Amino acid sequence: MRTCMGRRRTSIISMSIFRTNLFLINHHFFALKFIDYHILLPFFVFLLMASSSLIKTTIATPTDSSMAVLIRVDQSGQGDFTTIQTAIDSVPSDNEELVFIWIKPGIYREKIIVPANKPYITLSGTQAIDTIITWNDGDNIYDSPTVSILASDFVGRYLTIENSYGSRGKGVALRVSGDMVAFYSCRIISFQDTLLDDVGRHYYSNCYIEGATDFICGNGASLFEKCHLHSVNQVGYATITAQKRKSPWENTGFIFLGGKVTGVGVHTALLGRPWDAYSRVIYAYTFISTTIAPKGWDNWGDVTKESTAFYGEYRCYGGGADRSNRVAWSKGLTAEEAAPFLSKDMIGGRWWLRSAPTKFKKDFSTIPI
């Protein structure tokens, strides 16, 4: 929850964190119904302790969530900067104001990093089809990303983010390792490990994500709402997700709500496989085309993960949504089981998702020491 009441507020922010943690307790109770009750009590105590400590923490927030510093990027030289990275570099460290970096249409051949000490940045094009950030790097998933978001409170709008490394191996287009990060109407394109949804709470709305092998991977707590997932694999089995939840008390997982799954082949892709033992992925109200093979899911060669991974489907439709031949260890969810995953509550979104700014200014008010 972002407040306009002052630059250094603790009680309101801490209360939103506390409420979020109370939700996480309820949410984990749901997950633990399928695992072990004996870990619930210590986890409950841990979250209460975490909430208490956060109440004592001072958190800087923007004074006005409708006002942003405007920075223009234009390759022709008509803006404030000609490259996206120099625009990001101009933002003060430990920034406390919303920053709106408007990117004029064009192809930007850059490798972009938004560092952890630069929160509250928005990168925005006008439409994704003509505002393209592209690079060509591969092999290491943490070094190869075209765009790496390490900061909290980041927003991306109307951008294409691409890694053109191709089918040679891992080539991440977008790495998201900051907390409270949102993307709207973006296109994220590569082949293997397209989106490294690494850690933190994330929200993707009306995004197009394309790849072949494990092209949405990582251990984020992420909601994909009305997103289009497209597999470019043509032979054999490719996998859409490789979620990396390591333990039953982690509030992480991928939720796909109200989107669609398509591909170039028939029965050439799977909904997911477990990168780690407690991998959790849910598809709800999703159109699933015949690109998805009847078995739906894969254990990644480890049968022990079949008893710990949580893979669920709820009211999906389309030629690939038939669950009659799904692997037995995946779940067709009941309404009660699906309920915790059908809103922004899992990511605490109502407390931190914000509208785009409506007022702009040229200069920063202060530069923190």
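Q: Over the ring of which residue does the charged end of Arg-168 sit?
A: In this predicted model, local features need pLDDT of at least 70 and side-chain atom pairs count only at pLDDT 80 or more, while totals for chains, interfaces and linings use all residues. Residues are numbered from 1 along each chain as its sequence is written, and side-chain values use heavy atoms, with hydrogens and water left out. A charge sits over a ring if NZ of Lys or CZ of Arg is within 6 Å of the ring centre and within 35 degrees of the ring normal. The charged end of Arg-168 is 4.0 Å from the centre of the ring it sits over, that of Tyr-165.

Q: At what distance from the ring centre of Trp-300 does Arg-273 lie?
A: Arg-273 is placed over the face of the Trp-300 ring. Its distance from the ring centre is 3.7 Å.

Q: Is the pair of Phe-154 and Phe-183 stacked or tilted?
A: Rings of Phe, Tyr and Trp (its six-membered ring) pair if their centres lie within 6.5 Å, and planes under 30 degrees apart count as stacked, over 60 as edge-to-face and the rest as tilted. The structure holds 14 aromatic pairs. In the pair of Phe-154 and Phe-183 the ring centres are 5.7 Å apart and the planes meet at 50°, so the pair is tilted.

Q: How many residues apart in sequence are the parts that Phe-154 and Phe-183 tie together?
A: Strands (E, at least two residues) are DSSP runs, numbered from the N terminus. Phe-154 belongs to strand S10 (residues 154–157) and Phe-183 to strand S13 (residues 181–184), so the parts that the pair ties together are separated in sequence by 29 residues.

Q: Is Phe-183 buried or exposed?
A: Buried means under 20% relative accessible area, exposed over 50%, and partly exposed in between (1.4 Å probe, protein chains only). Phe-154 has 2% relative accessibility and therefore counts as buried. With 1% relative accessibility, Phe-183 also counts as buried.

Q: How many residues does the largest nonpolar core have?
A: A nonpolar core is a set of buried Ala, Val, Leu, Ile, Met, Phe, Trp, Tyr and Cys residues joined through side-chain atoms within 4.5 Å. In the largest one, the residues with the most contacts inside it are Ile-101, Phe-183, Ile-216, Leu-229 and Tyr-283. The number of residues in this core is 55.

Q: How many disulfides does a search of the whole structure find?
A: A disulfide is a pair of cysteine sulfur atoms within 2.5 Å. Cys-186 is in no disulfide, and the nearest cysteine sulfur, that of Cys-207, is 5.0 Å away. Cys-227 is likewise in no disulfide, with the sulfur of Cys-207 as its nearest cysteine sulfur at 4.7 Å. For the whole structure, the number of disulfides found is 0.

Definitions and conventions
Helix = DSSP H or I, 4+ residues; strand = E, 2+ residues; numbered from the N terminus.
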